[in-house]
Amino acid sequence: MRAPFARLPPADVTFAEDLARRGGLAIANADLYSQTRRVASGLQATLLPQDLPEIPGWQIGTVYRQAGRTDVGGDYYDVSGLDGGRVTVVLGDVMGRGVDAAVAGSRMRSAARVLATQDPEPEALAGAMDRFMATEPPTQMASSVYLLFEPERNDLAVVVAGHP
């Protein structure tokens, strides 16, 4: 009587072991990619404001659409209200993609929000951000647009700073 399973030749066993190793590596890589993407997506969410200030007589709307193949990068924006009805707007672009760019953008957005409470004038904010980047560089290259809107005076001040 024949055995239900015949022995495989050594070459077939080697092939099956290699196939199993490659399959396991593919599964491990997919899992690592998913974990990294979740972390980067969480960081990306910190680059965008959760709510927008209310300005009497104005409506503020925002849309964020990531360019390229990935939705994880260092682009950020913020809108915040200050005393006297003033509003600051910050738009930024950190060079690069992935977790490093998202971390850098998150740090820059947070720094800009805090520094704007000290002196919201765009020139002062750009200078403060430049000093911040010189002492604790979150990235090699970044660009930002800073706006200060004063609805009472219908006045808008703007500064563009960063890499070309």
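Buried means under 20% relative accessible area, exposed over 50%, and partly exposed in between, with a 1.4 Å probe and protein chains only. Helices (H or I, at least four residues) and strands (E, at least two) are DSSP runs, numbered from the N terminus. The model is predicted, so local features need pLDDT of at least 70 and side-chain atom pairs count only at pLDDT 80 or more, while totals for chains, interfaces and linings use all residues. Residues are numbered from 1 along each chain as its sequence is written, and side-chain values use heavy atoms, leaving out hydrogens and water.

Select residues 142–150, strand β3. Seven of its nine residues are buried, which leaves the strand mostly covered.

β2 and β3 run antiparallel and are joined by eight bridges; two strands pair if DSSP finds at least two bridges between them. Pick T88 and look across to L148 in β3, which stands opposite.

S143 has G162 in β4 as its bridge partner. The two strands, β3 and β4, form a hairpin with four residues between them. Click N154 in the turn: its phi is positive, about 55°.

Finally, go to helix α3 (residues 122–135) and select M129. Is M129 buried or exposed? M129 has a relative accessible area of 2%, so it is buried. Beyond its neighbours within four places in sequence, M129 is in contact (heavy atoms within 4.5 Å) with M108, A111, A112, L115 and Y146.
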